[in-house]
Amino acid sequence: MNPFSLIKEDFLNVKRNDPALHSTFELFFNYPGLWALLFHRIAHWLYKKGLRFLPRFISAIGQFLTVIDIHPAAKIGRRVFIDHGVGVIIGETAIVGNDVLIYQQVTLGGVSTNTGKRHPTIEDGVVIGAGAKVLGNITIGANSKIGANSVVVKNVPPESTAVGIPARVLKRGYDKTPLSHDKIPDVNKEIFKYLIKRIENLEATLPQDQQAGIKEKDHKLEEVYDNFIHSMD
């Protein structure tokens, strides 16, 4: 598709994706992600023609107006929606597939200064939560979801949900429902609960004559334990 057809599709895509849109007029003032894509479509088209200064200049204007930084060499597919958008960074060798949803302050960045492919590949249908950092030449599989503020440095399989720092895959299997951050498990909380219960089981296996001293120490630690558990609820 030529860049102007893509831009037209981008405008229509906002209407399909954002229930907060009440009129076409709002598209011109309230959607920096849309305008960032508009500048990028033009800059990328010129970049593919072999130009360098003009695409970078257009990208700089887009960054100044939208606070979204997209390198003109980055490849962005169809019907990509950058929601809110402020603070989004998409690096030079990044590849973003079709029907991808990106929230504010997402970074698709590199981890080295080497030439060649050094930014992520985001396959079709991926949702990337606010503040997430996807770093390096890795692949986020189709229809996967990245939780808010996660730091992803390894490949994520298709149809998975990954959260945390560094991100861990918590769920596999295609899920058509939106990314509900209030329902994502707290990884650290679950790990601590497991370790505490594991220690309790190990203590219970000790001979009775060795448990007296441990019980005295446990009594002192009980308050600390309760406060810790309640703070995670």
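Visitor: What is the relative accessible area of Asn98?
Guide: Asn98 is partly exposed. Buried means under 20% relative accessible area, exposed over 50%, and partly exposed in between (1.4 Å probe, protein chains only). The value for Asn98 is 25%.

Visitor: What pLDDT do local features need in this model?
Guide: Residues are numbered from 1 along each chain as its sequence is written, and side-chain values use heavy atoms, with hydrogens and water left out. This is a predicted model, in which totals for chains, interfaces and linings use all residues, side-chain atom pairs count only at pLDDT 80 or more, and local features need pLDDT of at least 70.

Visitor: What separates the C-alpha atoms of Asn98 and Arg78?
Guide: Asn98 lies in the loop joining strand 5 (95-96) to strand 6 (101-102); helices (H or I, at least four residues) and strands (E, at least two) are DSSP runs, numbered from the N terminus. Beyond its neighbours within four places in sequence, Asn98 is in contact (heavy atoms within 4.5 Å) with residues including Arg78 and Asp124. Although Asn98 and Arg78 are 20 residues apart along the chain, their C-alpha atoms are separated by 4.7 Å.

Visitor: How many of the 17 residues of helix 2 are buried?
Guide: Helix 2 is mostly covered. Its cover includes helix 1 (3-17), helix 3 and strand 1. Leu34, Phe39 and His44 are among its buried residues, whose number is twelve.

Visitor: Within what arc do the buried residues of helix 3 fall?
Guide: In helix 3 (residues 53-66), Pro55, Ile58, Ser59, Gly62 and Thr66 are buried. They line one face of the helix, because their directions from the helix axis to the C-beta atoms fall within an arc of 100 degrees.

Visitor: Which exposed residues does the face of helix 3 turned away from its buried side carry?
Guide: The buried residues of helix 3 pack against helix 2 (32-48) and strand 1 (69-70). The face turned away from them carries Phe53 and Phe64.

Visitor: At roughly what angle do the axes of helix 2 and helix 3 cross?
Guide: Axes are lines fitted to C-alpha atoms, for helices over the stretch in contact, and angles run from 0 to 180 degrees between N-to-C directions. The axes of helix 2 and helix 3 come within 8 Å and cross at roughly 175 degrees.

Notes
Expected span 1.5 Å × (residues − 1).
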